[in-house]
Structures are given as structure tokens and as C-alpha cells.
Amino acid sequence: MQVSRSSLSLEQAPPISVPFRFFITAPIFGLLAALLLLVYGPDILISRWAPATLALTHLITLGFLGMIMCGAMMQMLPVLAGSPVPRVKPVATAVHGLLTIGTLALVAGFLSGITGLFHLALSTLGLGFLIFIVAISVALIRIRTPNATIHGMRLAIASLATTVVLGLTVGAGFSGMTSLSQLIPLTDIHLGWGILGWIGILVIGVAYQVVPMFQLTPEYPQRLTGPLSWVLFATLVIWAPLYLAWGSGQLPKWVPDTWILLPTIGYTLFAGTTLWLQHKRRRRVSDITLLFWRTGMILIAACLLLWLTSLTPAAKNQPAIPLLLGIWLLFGIATSVTNGMLYKIVPFLAWFHLQNRQVALMSMGKVKVPNMKELMPDRLAQRQLYAHLATLLLLTLAPFWPNPFSYLAGLGLGVSCTLLLLNILQATHRYQQVNHELSDFESSR
Amino acid sequence: MEHKLDVSGLEPPEPMEQILQAIESLNSGDYLYVIHRREPRMIYPMLENMGIAWITQPGGPEGYEIFIWRKDDHIANAKIPTRHPQ
């Protein structure tokens, strides 16, 4: 019989400030995105190539999603795989600082067209992601017995590296630093690797662990978890040259467009499985994270249908459809899932650090450590969920009726991100309060 | 005496909370028999700090069984391998 005594040493878990600085910054970038929607209104929804639209997109991808995903990954590697990120404190400080400056500079560059801002953005984002990718890769390589989650994380990091290299290339082309003959196809490939590679494969890999763990569902079937991430990654590797071949006139557009259906079907399979597992969960109580995830999973299937619609001749000259696809992918799916996860990660980490300290001080019965629900009350999370869903509805209508829905969506996003920020700050404040009580107890001994 | 604790239907970190609470009520010669659906790796450092011994083994009705007792409790210690050979 196998006996396990393996454990996660306390030194391996990064300090709470490492993930929390990323989690607090994310909704602030969300607020900036809301501000942009309010200022630019319908102009931001004319075309996905408009500079303000590109600024908005990057506030969500780099500012909101990137922050949460980078922070969560630094935290999850030691917890899920027992492999800490090397020099996690200086790495977190550098990555957080560089990505924050880089995202702000990029957005300002798009809005102003000033080349110097693009220089600053590309150098800081490039360096920030380089440090992140190297540090995470070291932790991932050290894992001797990788499971499906670790394979997913490795492929997600490879996808991130591809996305960043492509992003730097098209960024240099967009700002006029270099001349690129295939700027539009390369931008689409950058987008494809970012969404279907980095975001998608990481979400899938993390879901294998967190959905059964936190939502008390059965485990994902191994016949899905084994091959899915690899198949998705391989389809992207093949899709990129097909798309470039279309860009240079060597292939008709329907070839890469049909090929991209393969990963889309793979993601729909994952979404269907997740919904089925959630249906089979043991504890049938209302759960905010589950509702965020359910929203995301339903929209994956909706994106497949929308993509199929976009391939019909009737949809060819309808610019609202690619915009809606982008909105559903980035806000409906990626933002829903990451936002929902924060409602587990934030109170769990706060509780875990406090509980650890209480045990170390032997202060049980002297200082009360609040439970998860006390750190993140359901009613607060639920209020933000409703704001998020209302924003999703308004954003869905906005490409078709930009006026007034772009303004209303901006308002909704502002409310939703404000509530999310307040909820995280509230949990942080509660954590600090109890941590001070523990410090008082320590000094009084 | 064995104290049975089934935490398999609980969401994290409730299993940890319940285990830590149950440990406080262990008397001399007592040990905790925990039924869990996952290996509770995050609780191990806390147990170590508290002077608590444990053995985790795959199996049981939900996937994992954990036996927990006070390190200095030799009576409880002696009962674990007899009932559940390693």
C-alpha cells in the first residue's frame, strides 16, 4: 500500500502580497477599459482595427486577464505541483511593474499614435513577459511527474511565448518601427495564439484541478484530459502557416477558417464536459464561481455557432459579427472564468495564510480566523456577478446598436470592476485585521 | 479510540478546518480516521508545526484515508499500524 508523507513546505508558498498585487491591479485596468468605452462610445465598435478598439482589447487581455493569470500561476505552481517559482518575490515585483507600465504605455500609444510610447511598451512588455516565462518555465521543468494540468501549463506557457513574440512583431509593424508585409494575418495569428493557446489551454489545465476540487464535481475523464491540450496546441501549430499562406495569396481563406473549427470543437467538448460535471456535482448549493464558469462554458458553445455563422455568405460584410466574437471570447468566456476563480482564490489564500500563522503561533482559541464566507461574503460576490452578467448583455448588444449600448456597457463594466475591486480590497482588509491580531498575540507572549 | 471524520463532501478549506478542530478534541490514545476524496497536501505543514503525525494512503470509500494522531501519543501510535498495515 502506498503511503504518502509528501508535503508542501511553508517556505514554498509565496507571500500573499505576490498574487494579491496582481489581483488588485486587474479590476483597475478593467475600470480603465470602462472609461475608454464611456469616452469613445460607438467609435470603439466600428471596427476591431480602430486604435481605440485595440487599446480596449489590450486593457482586457494584458491588464485584466494577464494580471490575474500571471498572479494565479505564481501561486498555483507550488500549491498544485509542489514546484515553487524561483526568486518569486523579485520576479513578481519585476513582472507586475513591467506589465503595468507596458500595458499603460501600449494603450497610450494606440490612443496617441506616439512612437516613443510604443518603444516603451514593447520593451517593458517584452522584458516583463521574458522574466515571467523564464521563471515559470524553470518551475515547470523541475516537475518530475507531470499530470494533465502541468502539461496544460507547459503548453500554455509555450503559447504565451508565441503570442508575445508575435505581439512584439506586429507592435513594431503597427507603430512603423519596421515594415511588415503581412501585418493583418500576423495580428490574427497573435490573437489566435493568445486566446486559443495561452488563455484557453491554461484555463483547461487549471480546470482539471479546480473544478473537481472547489465545485465538488467528479473528475474530468482521462480520455479527455490526456490528449485535449496537445491536440489544441497542435491544431494551432498547423493553423498559423495555413493562415500565413492565405495572407500571401497561396491558399483560399476557407482553408485556415475551416481548420480553426478543430480547436473550436475541442473547446466546445471541454465546455460540454464541464457543464455535465457541474450537473453531477455532489453539493447542490448555489455557488458564485460555478455560475461565472457556467456562463463562460455556455458562451464557448455560442462562439462555435457564431463562428459557423460568420462563415456564411450573408455574414461576410457584417462587421458586428467579428466584434461580437471578440467580446464573447474575451469578456464572456475568459473574463467570466478568471473573475469567478478570484472568488475562490482570494478568500482561500487569505484563510490559508492566516490559518498557517495561527498554527505556527499556537493561538487557537485566542484569535479567531474568519472562514471563507466571512472573508468573501456571498452577497457581495453575487452583486458583482449580476453587474458582470448585465455588462455581458449590454456588450452583446453594443456591436449591433453602438449607440446607446456602448455607453451603457461602459457604465456596466465600470460598476462590475468597481464591485470586484471593492470585494478584493474588503477581503484584503479583513486579512490584514486578523494578521494584526495575530501579531499582537505574538508580541504579548 | 478511533474518531471517524468524513470530509469527502466538503469544499476546500472546510476539510482542513474540520480536521484542525477535530485534532483539538483528541484524548490520549485517540486517533483520527479521515475519509477524503483528495490528498490534503496543504494541511501537512500545519500538522508538522502542531506536533501531529499522519499517514495518508490511497483507498477507502472516497479515494484517500488519512490517520492522524499526536506524535507523542505512543498508545495511539501503536494502534495505527496494527489496524492499517503499511
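View 1. Of the contacts in chain B with a separation of 6 or more, 61% join residues 24 or more positions apart; two residues are in contact if their C-beta atoms, placed from the backbone, lie within 7 Å. The structure is a predicted model, in which local features need pLDDT of at least 70 and side-chain atom pairs count only at pLDDT 80 or more, while totals for chains, interfaces and linings use all residues. Residues are numbered from 1 along each chain as its sequence is written, and chains are lettered from A and ligands numbered from 1 in the order in which they are written.

**View 2. Fold of chain B.** Chain B has 3 helices and 4 strands (DSSP runs numbered from the N terminus: helices are H or I, at least four residues, and strands E, at least two). From the N terminus on, these elements follow the order β-α-β-α-β-β-α.

**View 3. Confidence along chain B.** The mean pLDDT (the predictor's confidence in each residue, from 0 to 100) of chain B is 88. Confidence in this chain is lowest in helix H3 (residues 74-83) of chain B, at a mean of 79, and highest in strand S2 (residues 31-36) of chain B, at 96. For the complex, the predictor gives an ipTM of 0.82 and a pTM of 0.92.

**View 4. Surroundings of A:Ile68.** Residues up to four places away in sequence aside, A:Ile68 touches A:Phe22, A:Phe23, A:Ala26, A:Thr338 and A:Leu342.

**View 5. Extent of chain B.** The C-alpha atoms of chain B fill a box of roughly 30 × 25 × 20 Å, taken along the principal axes.
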